[in-house]
Amino acid sequence: MASVGKFGLALAVAGGMVNSALYNVDAGHRAVIFDQFRGVHNVVVGEGTHFLIPWVQKPIIFDCCSQPHNAPFITGSKDLQNVSITLHILFYILSSSPALERTMMSLCCLFITTEILKSLLACFDAGELITQRELVSSQVSNDLME
């Protein structure tokens, strides 16, 4: 009877070790591995179940799906009127770039987008922004694509 208890305990410990060495990356997500000794690995891990070294490595899982972001701001028009506008951006993270680079690129992209919009709105007066919405919208799209 004691051997069955020892076998059960050994099996539980082995199962715990295997469980701590596995991690899952869900659909639409990616992961990078943080190592206690080498820092963040440059390899991006895709969907599925993967192995790691327990207590030494830790997965950092991030979302790669398209995410909306609203950026409200006030800017000036050509006739020096204050224009309150909200820019709705739909963006996604490129899973091929390292973790810190992804975050910096997202912030930089948001900054560049708002600056492009502000410079374009300064070319129109307040009345034109209301009456020529389609023209302004198409110019914003063209300028952002460039």
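Analyst: Leu80 sits in the loop between β6 and β7. Helices (H or I, at least four residues) and strands (E, at least two) are DSSP runs, numbered from the N terminus. This is a predicted model: local features need pLDDT of at least 70, side-chain atom pairs count only at pLDDT 80 or more, and totals for chains, interfaces and linings use all residues. Residues are numbered from 1 along each chain as its sequence is written, and side-chain values use heavy atoms, with hydrogens and water left out.

Leu80 has a positive phi of about 65°, yet it is not a glycine. Most residues other than glycine have a negative phi. Leu80 counts as exposed because its relative accessible area is 76%. The cut-offs are under 20% for buried, over 50% for exposed, and partly exposed in between (1.4 Å probe, protein chains only).

Now the strands on either side of that loop. β6 (67-76) and β7 (82-91) each supply at least two residues of the largest nonpolar core, as do α2 (99-121) and α4 (133-145). That core has 12 residues in all, including Ala71, Phe73, Val83, Leu87 and Ile89. A nonpolar core is a set of buried Ala, Val, Leu, Ile, Met, Phe, Trp, Tyr and Cys residues joined through side-chain atoms within 4.5 Å. Another core, of 6 residues, lies apart from it; Ala31, Ile33, Val45 and Leu52 are among them.

Trp55 also has a positive phi of about 65° without being a glycine. Trp55 is in the loop between β4 (48-51) and β5 (57-63). It is exposed, because its relative accessibility is 67%.

A second look at the chain takes in Asp35. Asp35 belongs to strand β2 (residues 29-35). Asp35 counts as buried because its relative accessibility is 7%. Its side chain makes a polar contact of 3.5 Å with that of Gln57. Such a contact is a pair of N or O atoms within 3.5 Å; within protein, one must be able to donate a hydrogen and the other to accept it, and residues adjacent in sequence count only if both atoms are side-chain atoms. Beyond its neighbours within four places in sequence, Asp35 is in contact (heavy atoms within 4.5 Å) with His41, Val56 and Gln57.

Overall, the protein has 4 helices and 7 strands. Along the sequence they run α-β-β-β-β-β-β-β-α-α-α. Of its 146 residues, 24% count as buried.
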